[in-house]
Amino acid sequence: MFFFIVELLFYTWCRVQNVRIGYEITQALAQHQQLVTMHNNLKIETARLKSPERISKIAREQLGLTTPSPGQVIVLP
Amino acid sequence: MKTRFNQKIKLRMLLVGLAFFLVMAGIGAKAVYLQVFCGQWLSQKAADQYEKSQVTFGKRGTIYDTHQQPMAVTIETASVAAYPARIKNAKATAKALAAALKLKHRSVARKLSSTKSFVWIKRQVTPKEVAAVSRLELEGIDFIPAHSRYYPQKTMAAQLIGFAGIDGRGLEGLEFYYDQELVGPIRHSKVLKDAFGRGFASSHTAAPHLAGHNLILTVDLTIQYITEKALEEAIKTSQARSGMAVVMNPATGAVLALAHYPFFNPNNFTAHQRADWRNRAVTDPFEPGSTMKIFSMAAALESGKATANTIFFCENGRYTIGRNTIHDTSPRGWLSLQQIIKYSSNIGAVKVSELIGPEVLFNTLGYFGFGRETQIDCPGETVGSLAPFKHWSKIDAGAIAFGQGLSASALQLATGASAIANDGILMRPFVVRAITDRNGRIVKTFKSQQRQRVITPETAHTLRRIMMTVITDGGTGTEAALEEYTVCGKTGTAQKINQQGTYAEDKYIASFIGFAPAERPELTILVVIDEPAQGHYGGIVAAPAFRKIARETLNYLKVPPTVKRDRLTASHGDEVLG
């Protein structure tokens with residue numbers, strides 16, 4: 001009888017753990033999904049920041065850079 | 001007496017036994033019925049109480065430029081939907097929703113009073129709108145996770161890439177052409193749910209693992225930017241109607257940039273005219289004008305009936321064929337074949353055409369790809385028009401030699417010119433170099449493909465030498481000259497046909513086609529300007545844009561200058577010379 005009750009309690013504990021871990025998995029997956037979304041958004045932001053139009057504008061207007069004129073390019077033999 | 005009593009008891013027992021037997025038989029029969037005949041249905045009914053079906057739409061693949069910079073991406077958004085039967089106060093709900101989503105109150109109210117069980121209120125809303133609707137805590141309103149296509153480079157290469165619609169299917173450009181590759185798979189799965197209907201221990205909820213393939217283009221964003229800026233500047237300077245430019249690698253056929261003006265933003269494609277969506281460099285044919293002369297001269301050289309120094313009498317600028325008179329911009333007498341190209345003499349081109357005959361001209365133009373598809377991986381490609389030579393009149397043969405009376409796409413012209421740059425080998429142009437899976441692993445690669453040899457290497461070298469003279473003093477394309485690189489080119493100025501079917505006096509297509517460096521061409525560039533109002537010659541309107549694109553792109557590609565200049569040299573010695 002004792003073993004039967006212990007076994008019953010053990011089985012119940014297992015079931016409870018199963019349910020708890022199930023919720024934790026769902027939560028972790030949702031968090032993963034959120035992080036993936038954030039990662040995607042950051043990638044898009046990087047693409048926007050690296051766009052040639054923006055870089056060219058900063059190079060010209062803030063740093064005063066231009067395409068080198070023919071005399072400025074020197075080829076070393 | 002006792003026997004009668006016993007008999008009664010036995011009868012009762014028999015009746016009770018029979019009754020039990022009938023009940024048990026009934027239970028048994030019902031059990032068999034439930035297990036055997038209704039088992040599947042009942043199992044499903046039970047499962048429905050703790051399982052729910054879930055449809056997961058995979059993400060559409062990303063389109064990258066050649067250096068893996070994203071040009072079209074898919075982002076996670078939400079759509080607002082309603083279950084009208086569950087809404088108690090439709091009037092108040094409609095008013096609150098319309099204000100939060102910036103919609104017309106009447107339209108929302110009509111949707112909420114619908115007899116349908118499910119209606120969309122607004123698709124692909126912004127995170128701000130999601131927060132605004134959430135705060136309202138409305139009953140019967142739901143957020144459905146959705147994917148939305150976003151183009152981070154905005155107008156860059158928009159006509160080439162195209163766009164996808166609200167349902168994630170490609171509608172234009174590469175989005176349409178490669179839709180089967182890009183589209184995300186749809187997965188139907190079952191997840192466990194708890195008493196509150198929440199998903200539980202599901203292994204299929206992570207949608208990012210479900211995605212279509214990615215495309216890696218041959219297009220380089222920096223070259224695309226250089227090309228678009230130069231094209232825009234040329235169009236604004238000449239006050240033209242529209243324009244396009246193509247940059248190709250002549251050795252491989254890889255398209256490095258494909259620009260169109262006016263630009264359009266695929267993130268908001270409905271705000272633009274349909275005509276602006278089209279990849280006109282591939283879909284729209286036009287009469288190319290004098291740029292065709294390089295192909296006519298290729299026919300003459302290849303046939304062996306003329307050399308670069310063969311001379312032709314150019315009738316002092318006026319030549320009559322039947323009832324038609326052909327003019328040259330500057331009257332000329334005797335010109336060599338090389339000079340015909342340099343000065344862009346129409347009469348000279350007609351004389352060359354008369355020498356070689358229509359069949360040779362037709363065949364050579366066909367070899368260069370005119371009148372047939374280039375087989376580029378873009379939708380809606382035009383073949384242009386090149387009538388069979390047997391149908392040509394005498395004036396047709398002459399006009400075709402200088403680029404009128406036939407039509408071609410910008411891509412056909414660029415591909416044909418690339419064959420001259422590529423020692424006479426015609427390549428198949430392509431814009432997608434690889435397809436990868438969601439983890440970036442290569443699924444398929446596209447390599448350059450030779451279509452055929454169209455002219456001998458010797459003819460190609462001669463043509464390149466001739467085309468270099470166009471850029472020199474006295475030529476029509478001096479505006480395309482680069483100080484640090486040698487350039488081959490040809491100008492084109494074609495009258496447009498008006499609605500009456502005759503050539504308009506004041507509407508032109510100005511173009512310039514060329515490649516650089518002349519010795520070992522790295523780039524073929526075509527610039528086409530439609531209806532310029534300030535100066536209509538290709539050498540004035542389009543050549544400066546060619547120069548800008550060529551100079552900045554060659555510099556970007558780190559191609560060493562080919563024009564010899566004083567070189568910086570270092571020597572090892574005791575003295576320092578200053």
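Trainee: Where is the place of Val191(B)?
Mentor: The model is predicted. In chain B, residues 186–193 form a strand. Val191(B) has its place in that strand, S6.

Trainee: Does Val191(B) count as buried, exposed or partly exposed, and why?
Mentor: Val191(B) has 18 C-beta neighbours inside 10 Å. A buried residue needs 20 or more, and an exposed one has 12 or fewer. Val191(B) therefore counts as partly exposed.

Trainee: How many Å apart in space are Val191(B) and Lys88(B)?
Mentor: In sequence, Val191(B) and Lys88(B) are 103 residues apart. In space, taken C-alpha to C-alpha, the distance between them is 30 Å.

Trainee: What word describes how H3(B) and H4(B) lie to each other?
Mentor: Helix H3 (residues 90–101) of chain B packs with helix H4 (residues 105–112) of chain B, their axes 8 Å apart. The angle is about 135 degrees. Angles over 145 count as roughly antiparallel and 65 to 115 as roughly perpendicular, the rest here being oblique. H3(B) and H4(B) are therefore oblique.

Trainee: Which residues in H4(B) meet H3(B)?
Mentor: H3(B) brings residues including Ala90(B), Thr93(B) and Leu97(B) to the contact. On the side of H4(B), the residues are His105(B), Val108(B), Ala109(B) and Leu112(B).

Trainee: Which element gives the most to the side of chain B that touches chain A?
Mentor: In the contact between the chains, 27 residues of chain B meet 27 residues of chain A. Elements that give two or more residues on the chain B side include helix H9 (221–238) and strand S3 (70–82). With 4 residues, the element that gives the most is S3(B).

Technical notes. Residues numbered from 1 in each chain as written. Chains lettered and ligands numbered in written order. Predicted model: local features only at pLDDT ≥ 70, side-chain atom pairs only at ≥ 80, totals over all residues. Axes fitted to C-alpha atoms, helices over the stretch in contact; angles between N-to-C directions. Parallel < 35°, antiparallel > 145°, perpendicular 65-115°, else oblique. Contact = placed C-beta atoms within 7 Å.
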